[in-house]
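Me: I have a structure here that is new to me, and I would like to go through it slowly. Could you help me read it?

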Amino acid sequence: MELNIDKTGWKSYRFDEFAQNISQRVEPKQTDLEVYVGLEHLDPDSLHIKRNGTPADVEGTKLKFYKGDVIFGKRRAYQRKAALAETDGICSAHAMVLRANTKLIDERLFPFFFHSKVFQDIAVKISVGGLSPTINWKDLAKQEFLLPPKDQQARLAELLWAADEVVEREREVKERLENALKLYVAKECGTCNNGNYLLNIVGLVKIHSLLSNIKFNVGKLDTTEYKLNGEYPIVDQSMNFIVGYSNTKEIVFDGDLPVLVFGDHTTIIKYIDFPFILGADGTKIISPNKNKVLPKFLYYAIKNLNLIPQGYRRHYSILKDLMIPVFEINKQRSILERIDEFEKPIDAIKIQIDNSQKIKHALINEIF
């Protein structure tokens, strides 16, 4: 979809001419505001804040934002986090609170600007620092961007919000399908609530009795010997996959399951039925005994346990003591066949969302 916009006569403006940096400081323990938004609450490429914390959850000076402001993640700008505030609250100091100068830019068009390629490319380029590159306001303020004339902006904003609504409706469908799948798995495999299991299963066993191996102290892997874009691809954050925190690598073969052990939580990461390369810091790789448990069934069984508090222990006992529901292999296959029936429409809606996102981003990039 193309707009074929004639940009003759459009003008460039410094960022600080059409965007105000709101730097009102707040101490979490001294505010009556009820909403805290950290960078972890912002989803990449989404204008919507769908979860939040409270001021009681955090310490240290934060920034106040007001309804209609844009919260932009200035730290690790490559994560593409910028969302529209729908209420007043406080946010991480690793964000910028930005407000439209409505003399130059329509306040409904303003949030989409932060998801344009031209802005994101510059944001990454001017970020400074090593592990956590951050944008300085002075550097961002002087950047220049081309804006449409004010009398065209309301119509363009209406078009972009319509495209965004399509994406959000599709995401709601995906969420309902995923919830239906979770309910089915919970019914078949049992669910854990504060350590109390509701079961419709043969029994529970400790996970180590179902495994042929747990790789614990993983070493560095020379990935040059593998076909990184072929036989053993790297699965990274673009697939919502946790890749670890250093150059340590581990080859994960078909049927192996990576489990993240970090802080006081243990959780399964993802089931993928092909070999891949995983950044291994903070992970354990478990190899199911396929005579006792099918890898995909074990994945869903662990996933259904959600996050299991274990205390601050990053060692073998975190895994070996997990209690897992057990079925005969044929029953496992039957459950997985039903799971596949749920996964097919979920996979289809994911493709649809991706296509709708591409259309929305194409429109944003044509405008900006």
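This is a predicted model: local features need pLDDT of at least 70, side-chain atom pairs count only at pLDDT 80 or more; totals for chains, interfaces and linings use all residues.

Me: What is the average pLDDT of the chain?
Reply: The chain averages a pLDDT of 78, and 68% of the residues score at least 70; pLDDT is the predictor's confidence in each residue, from 0 to 100.

Me: Which elements have the lowest and the highest mean pLDDT?
Reply: Strand E12 (residues 196-198) has the lowest mean, 45, whereas helix H2 (residues 110-113) has the highest, 97. Helices (H or I, at least four residues) and strands (E, at least two) are DSSP runs, numbered from the N terminus.

Me: Where does pLDDT stay under 50?
Reply: That is the case over residues 216-248, for which the model has 69 contacts beyond four places in sequence, a contact meaning heavy atoms within 4.5 Å. Over residues 306-316 the pLDDT is also below 50, and this stretch has 31 contacts in the model beyond near neighbours in sequence.

Me: How many helices and strands are there?
Reply: The chain has eight helices and 20 strands.

Me: And how much of the chain is buried?
Reply: Of its 368 residues, 47% count as buried, where buried means under 20% relative accessible area, exposed over 50%, and partly exposed in between (1.4 Å probe, protein chains only).

Me: Which residues touch the most other members of the largest nonpolar core?
Reply: In this core of 36 residues they are Phe 15, Phe 18, Phe 72, Phe 110, Phe 114 and Phe 119. Helix H5 (residues 150-189) gives the most to the core, with five residues. A nonpolar core here is a set of buried Ala, Val, Leu, Ile, Met, Phe, Trp, Tyr and Cys residues joined through side-chain atoms within 4.5 Å.

Me: Let's turn to strands: what covers the faces of strand E6, buried or exposed residues?
Reply: Both faces of strand E6 (residues 70-73) are covered, with Val 70 and Phe 72 buried on one side and Ile 71 and Gly 73 buried on the other.

Me: Which strands is E6 joined to?
Reply: Three bridges join E6 to strand E7 (residues 82-84), and the two run antiparallel; in E7, the bridge partner of Ile 71 is Ala 83. Four bridges join E6 to strand E9 (residues 95-100), again antiparallel, and there the bridge partner of Gly 73 is Ala 95. Two strands pair if DSSP finds at least two bridges between them.

Me: Last topic, Trp 10: why does it count as buried?
Reply: Trp 10 counts as buried because its relative accessibility is 9%. Trp 10 is placed in the segment before strand E1 (11-14), and its contacts, not counting residues up to four places away in sequence, include Leu 146, Pro 149 and Ile 367.

Me: How far apart are Trp 10 and Pro 148?
Reply: Trp 10 and Pro 148 are 138 residues apart in sequence and 5.6 Å apart in space, C-alpha to C-alpha.

Key
Residues are numbered from 1 along each chain as its sequence is written. Side-chain values use heavy atoms; hydrogens and water are left out.
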